[in-house]
Amino acid sequence: MKTALSSYKKSMYIRRALLALLVVATALFQNTKGALPELHGVRAMPLAVLVAVIALFERSFAGFAFGFLSGVLWDFSLADGDGFFAVLLCLIGFICGAASSFFLRNNIFSALFVSFVSALVTIGSYWVFFLFLKGYDPSAKLLLSFYLPSCFYTLLFAPIYYYLIRSLKNALDGPKRLA
């Protein structure tokens, strides 16, 4: 007996496969030296923003899964990849997806908000756990000269990802029509 996938499920599988490719491409750009321009030594970390924006469109479970994929790819690029970013981005994806389901509207302003919060949480958590708590002497200087500017530089990717994912979703699912 043949079972056919509905057109909605087909478009969902295609959309999620394309989003997975976007995560892999973003991880390659983020983790390859010189692939993204550095502004006075400040680097962008767009995986955190990408997870938050994907979670706005795909909701909590898919946000969790894409957060895990992004975190694992980020951890693979580190010398001491201990799963920190995998756990953190899972939580960010789940929380952003749940917030989108229950009380956030899916628009550019909420995308900028969750992107800024996710970048701040990701970059700030790394600074706290791996520099400040380990007693690294110039950690306060690094916070002000590298990590906080990285949050703002990373935020520049939020509108790009938001409009890219929205257009992908609209192209595959069709725009929502109000009844």
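**Notes on the helix packing**

1. Let me start with I165: setting aside neighbours within four places in sequence, this residue is in contact (heavy atoms within 4.5 Å) with L19, L22, L50, V53, I54 and F57. Bear in mind that this is a predicted model, where local features need pLDDT of at least 70, side-chain atom pairs count only at pLDDT 80 or more, and totals for chains, interfaces and linings use all residues. Residues are numbered from 1 along each chain as its sequence is written, and side-chain values use heavy atoms, with hydrogens and water left out.

2. I165 turns up again in the largest nonpolar core, which has 45 residues; L50, V53, I54, Y161 and I165 touch the most other members. A core here is a set of buried Ala, Val, Leu, Ile, Met, Phe, Trp, Tyr and Cys residues joined through side-chain atoms within 4.5 Å. Two or more residues each come from helix 1 (7-31), helix 2 (46-76), helix 3 (84-102), helix 4 (108-132), helix 5 (139-155) and helix 6 (157-173). Helix 2 gives the largest share, 14 residues. Helices are DSSP runs (H or I, at least four residues), numbered from the N terminus.

3. T26 sits in helix 1. T26 is buried at a relative accessible area of 3% (buried is under 20%, exposed over 50%, partly exposed in between, with a 1.4 Å probe and protein chains only). Not counting residues up to four places away in sequence, T26 touches P46, L47, L50 and Y161.

4. Now for helix 3 and helix 4. Their axes come within 11 Å and cross at roughly 155° (lines fitted to C-alpha atoms over the stretch in contact, with angles from 0 to 180 degrees between N-to-C directions). That makes helix 3 roughly antiparallel to helix 4, the word used for angles over 145 degrees.

5. On the side of helix 3, F84, F85, L88, L89, I92 and C96 do the touching; they meet V114, S118, V121, T122, S125, Y126, F129 and F130 of helix 4. By type, the contact has eleven nonpolar residues, three polar and no charged (Ala, Val, Leu, Ile, Met, Phe, Trp, Tyr, Cys and Pro count as nonpolar, Asp, Glu, Lys and Arg as charged, the others, Gly among them, as polar).

6. Two backbone spots to look at. H40, in the loop between helix 1 and helix 2, has a positive phi near 55° without being a glycine, and H40 is exposed at 86% relative accessible area. R59 is also not a glycine, yet has a positive phi of about 75°. R59 is placed in helix 2 and is partly exposed, at 32%.

How values were computed
Angles under 35 degrees count as roughly parallel, over 145 as roughly antiparallel, 65 to 115 as roughly perpendicular and the rest as oblique.
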